[in-house]
Amino acid sequence: MQLLQDSFGRKFPYIRMSITDVCNFKCGYCLPNGYQVDKSDNRKFLHLDEIKRLAKCFSELGVCKIRITGGEPTVRKDFFDIVKVLKFESGIKKVVITTNGYHLDQKAKQLVDSGLNGINISIDSLDRETFKNITNHDRLPEILQGIKNLQDLGFENIKINGVLLNGVNASEKDFNKWSEFIKNNKIDYRYIELMRTGDNLDYFNKYHVSSKVFKDYLNKNKWIYQTLGKDAGPSLNYINPDYKGKFGIIAPYSKDFCKSCNRLRITSRGDLRLCLFGNTGISIRHLLQKDEQLEELKDLILKQMRFKKESHYLELGETGLTKNLSTTGG
Ligand code: SAM
Ligand code: SF4
């Protein structure tokens, strides 16, 4: 059963749900000055009950997977309650998170025990100093230890994402380091092209580089492009029989990126966003207040689907509502 479909025939089995805008890192491309309270919006972040109703509604609309993101989702005190409610009380089959890996070494066991189905960890560089310069936190060792702890506990679905930054982490030496890392590690590493947001124009102009540099590296080193099924999502994946992990590229500026869009987004304050970028989005929070509103909520979401546009128009410099990705969760 898959009810969420737009006017271009795309289906949406997948939701990205931001549960907070707060973050404890200061990544140069996202929150270079750290999290700042948004004085123009005094709405609280979604409450556990609202999250549960939302997930139940999406599950009844055929959604099978929710990614919890942020800001940094793990800073919420009720983070593990949220995971449990989504996983065991909402009808959603797969619950995954995107995290910066803060204190991952200490949290690994609790994450595994919570029933999560997958973890995406953001690591822009395997060089400690570079990692520190990008995030303003000297935490690479604890994150790598956290990954090891997850693996020792038998947790398998681990992916790492890094934002590709010209002159920072986009050289052959950087690519070789990741290549060594995934050789005997069943972990996928994906480079995301730096996206321009409302707040990061100067940073973007300084560091944006096309993912072609990495694609050329992959081709030169005999990585094989893996064609994927129709509903596979926007990552281009590469395999190599000598490696346990895979490489991937997420290139939002590429021509056909939006064709494989299979996700909707919910912001931390309960707005439905039809696209990471673009101005289409409405608050659905007023319909998250009582269990009896479920049918009305489903109806509203289904009606919104016809407003989803064909493309994000990023290549035209469009940033829509997106000041930085901490509000929508990337
Ligand atoms: N704090 C968590 C983390 O960093 O994994 C989750 C939220 S973060 C906004 C989600 C993803 O968006 C991260 O992988 C981050 O690197 C990526 N991201 C943030 N700003 C970006 C930008 N301007 N362009 C491309 N990716 C970006
Ligand atoms: Fe925080 Fe994630 Fe943004 Fe970095 S990318 S500042 S970790 S929300």
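Predicted model: local features only at pLDDT ≥ 70, side-chain atom pairs only at ≥ 80, totals over all residues.

Biologist: In what order do the strands of the open sheet lie?

Modeller: Strands of a sheet pair through backbone hydrogen bonds, either parallel or antiparallel. Here the pairing is mixed, and the sheet is an open one of 12 strands. Its order is S7-S8-S9-S6-S5-S4-S3-S2-S1-S10-S11-S12.

Biologist: Which are the edge strands?

Modeller: An edge strand pairs on one side only. In the open sheet, S7 and S12 stand at the two ends of the order. The edge strands are therefore strand S7 (224-226) and strand S12 (281-283).

Biologist: Do S6 and S9 run parallel or antiparallel, and do S8 and S9 run parallel or antiparallel?

Modeller: S6 is joined to strand S9 (residues 247-250) by 4 bridges, and Ile192 stands opposite Ile250 in S9. S8 is joined to S9 by 3 bridges, with Ile249 in S9 as the bridge partner of Leu236. S6 and S9 run parallel, whereas S8 and S9 run antiparallel.

Biologist: Which strands each supply at least two residues of the shell around ligand 1?

Modeller: Ligand 1 is surrounded by 19 residues, and the closest are Gly71, Glu72, Thr98, Ser122 and Met195. By class, this shell has 7 nonpolar, 10 polar and 2 charged residues. The strands that each supply at least two of its residues are S3 (94-99) and S6 (188-193).

Biologist: What percentage of the accessible area of ligand 1 does the protein cover?

Modeller: Polar backbone atoms approach ligand 1 at several places: a nitrogen atom of the ligand is 2.9 Å from one of Gly71, and a nitrogen atom is 2.8 Å from one of Met195. A backbone N or O atom of Thr99 also lies 3.2 Å from an oxygen atom of ligand 1. On its own, ligand 1 has 540 Å² of accessible area, of which the protein covers 95%.

Biologist: How many residues of the shell around ligand 2 are charged?

Modeller: The residues around ligand 2 are Cys23, Phe25, Cys27, Tyr29, Cys30, Leu31, Gly71 and Asn100. They divide into 6 nonpolar and 2 polar residues. The number of charged residues in this shell is none.

Note on methods
Residues numbered from 1 in each chain as written. Chains lettered and ligands numbered in written order. Heavy atoms only, no water. Near = heavy atom within 4 Å. Nonpolar A, V, L, I, M, F, W, Y, C, P; charged D, E, K, R; others polar. Polar contact = N/O pair within 3.5 Å; in protein donor to acceptor, adjacent residues only side chain to side chain. Areas by Shrake-Rupley, 256 points an atom, 1.4 Å probe, with all protein chains shown as cover. Pairing = 2+ DSSP bridges.
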